[in-house]
Amino acid sequence: DGIHAHPNSVRIAYRSHPKGAVLVTDAMSAMGLGDGLYKLGDQEVRIQDNRATVNNSSTLAGSIATMDSCVRNFKHFTGCTDVQAIE
């Protein structure tokens with residue numbers, strides 16, 4: 001998503017082993033919702049600018065990346081084609 005893994009790390013990993021790349025999203029329940037405050041268990045989580053953090057801190061609370069955004073980001077980070085991204 002460009003937040004948990006730096007785009008350059010994704011690019012290097014892909015170029016090192018293109019057939020070994022697997023896209024995964026473990027998005028939390030606030031995926032697809034707008035900016036705001038949400039609950040994740042007992043934690044209050046702030047969604048702002050596509051980033052989920054524990055409220056009043058900079059600690060990442062999880063991901064809100066959808067699979068389609070993962071594919072778009074992967075293509076952008078690596079320069080691969082549509083077919084390569086979804087193979």
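Student: Is Arg11 buried, exposed or partly exposed?
Tutor: Arg11 counts as partly exposed, because its relative accessibility is 25%. Buried means under 20% relative accessible area, exposed means over 50%, and partly exposed is in between (1.4 Å probe, protein chains only). Keep in mind that this is a predicted model, where local features need pLDDT of at least 70, side-chain atom pairs count only at pLDDT 80 or more, and totals for chains, interfaces and linings use all residues. Residues are numbered from 1 along each chain as its sequence is written, and side-chain values use heavy atoms, with hydrogens and water left out.

Student: Where does Arg11 sit?
Tutor: In helix H1, residues 7-16. Helices (H or I, at least four residues) and strands (E, at least two) are DSSP runs, numbered from the N terminus.

Student: And what is Arg11 in contact with, leaving aside its neighbours within four places in sequence?
Tutor: Phe77 and Thr78. Contact here means heavy atoms within 4.5 Å.

Student: OK, new topic. Which strand is Ile47 in?
Tutor: Ile47 is in strand E2.

Student: Buried or exposed?
Tutor: Ile47 counts as buried, because its relative accessibility is 2%.

Student: So what does Ile47 touch, not counting residues up to four places away in sequence?
Tutor: Its partners are Ala30, Gly34, Asp35, Gly36, Tyr38, Ala52 and Ile64.

Student: What is phi for Asp49?
Tutor: Near 55 degrees, a positive value in a residue other than glycine. Asn50 isn't a glycine either, and its phi is positive at about 65 degrees.

Student: Why does Asp49 count as exposed?
Tutor: Because its relative accessibility is 61%. Asn50 counts as exposed because its value is 60%.

Student: Last one: where is Asn55?
Tutor: Asn55 is in the loop between E3 and strand E4 (60-62). This residue counts as buried, because its relative accessibility is 13%.

Student: Which side chain does the Asn55 side chain make a polar contact with?
Tutor: The side chain of Arg46, at 3.2 Å. A polar contact is a pair of N or O atoms within 3.5 Å; within protein, one must be able to donate a hydrogen and the other to accept it, and residues adjacent in sequence count only if both atoms are side-chain atoms.
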